[in-house]
Amino acid sequence: MEIKVIAFDADDTLWVNEPYFRETETAFCQLLESFMPLHSAERALLQTEIKNLPLYGYGIKGFTLSMVETALTISEGHIKAAAIGRILELGKELLARPIELLEGVEDVLLALKERYRLVVATKGDLLDQERKMKNSGIDHHFHHIEIMSDKGVRDYRKLVRHLDIAPEHFLMVGNSLKSDVLPVLELGGHAIHVPYHTTWAHEVVEDTIDHPNFRAVTGIADILPLLS
């Protein structure tokens with residue numbers, strides 16, 4: 001691999017993210033238990049989130065608005081104002097969660113930063129992702145930080161043009177096959193999948209990937225031998 005730039009996804013690749021969403025989702029569904037069973041409320045919330053992605057994009061703020069909308073829909077408008085207030089509190093608590101770096105992340109960045117340009121390529125709410133990058137304590141390792149509204153082929157093409165490199169010199173490292181691997185391979189770049197034990201249902205793909213530019217590892221430290 002003639003790699004010049006290595007891009008890292010942020011949420012659940014550099015630091016913990018999805019488990020916090022799942023904890024908030026559980027608290028939300030428990031709040032609505034008098035209206036609907038937990039598993040049904042969970043499914044209704046996911047449907048609302050996906051429907052709202054073109055409007056709100058990815059991130060905690062859109063997730064919170066989707067929780068409010070789902071609560072109003074499930075309760076047919078009968079949910080109490082105090083419960084809506086609690087949902088808003090859940091969203092604020094999610095925004096305030098501390099950053100917990102995943103094991104091995106900083107060692108990997110230190111090992112690679114002298115040989116490659118390192119960037120972050122993550123999607124989500126701009127203000128929230130900027131806050132997380134600042135609080136992570138690892139932002140100084142990166143040449144560039146790109147907060148994307150989505151991660152499709154067009155989005156990655158725009159990024160590699162901005163970085164002034166050819167796709168074949170670009171490597172993406174991330175936990176999502178859908179967002180971090182498939183579009184990069186389609187573009188002509190390289191991708192390494194670092195799976196995380198919890199994945200948002202919307203990001204799950206069942207495809208088996210057979211591509212010369214694709215690698216899969218069990219942990220982020222396992223990318224180092226591939227780049228030696």
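The largest pocket here is lined by D12, T13, L102, E103, V194, P195, Y196, T218, G219 and I220. Keep in mind that this is a predicted model.

**The pocket**
- The largest pocket has a volume of about 150 Å³.

- Side chains of opposite charge can pair when their charged atoms come close.
- R97 pairs up with E23, with their closest N and O atoms 3.1 Å apart. That ties together distant parts of the chain, as R97 sits in the loop between α4 (81-95) and α5 (105-112) and E23 in helix α1 (residues 18-31), 74 residues apart.
- R97 counts as partly exposed because its relative accessibility is 27%, and E23 is partly exposed too, at 45%.
- D180 and K151 form another salt bridge, with 2.7 Å between the closest N and O atoms. This one also links distant parts of the chain: D180 is in helix α8 (residues 177-187), while K151 is in the loop between β3 (144-148) and α7 (153-163).
- D180 is buried at 1% relative accessible area, and K151 is buried at 4%.
- Salt bridges with shared partners join D11, D128, R131 and K132 into one network.
- Within helix α6 (residues 126-136), D128 and K132 are 4 residues apart, so about one helical turn separates them. Their side chains meet in a salt bridge at 3.9 Å, N to O, and both residues are buried.

**The surface patch**
- L55 belongs to helix α2 (residues 38-56) and counts as exposed, at 68% relative accessibility.

How values were computed:
Residues numbered from 1 in each chain as written. Predicted model: local features only at pLDDT ≥ 70, side-chain atom pairs only at ≥ 80, totals over all residues. Heavy atoms only, no water. Helix = DSSP H or I, 4+ residues; strand = E, 2+ residues; numbered from the N terminus. Buried < 20%, exposed > 50% of the residue type's maximum accessible area, 1.4 Å probe, protein only. 1 Å grid on protein atoms, 1.4 Å probe; cavity = no way out; pocket = protein on both sides within 12 Å on 5 of 7 lines; lining within 4 Å. Points joined across faces, edges and corners; volume = space filled by probe spheres on them. Salt bridge = Lys/Arg side-chain N within 4 Å of Asp/Glu carboxyl O.
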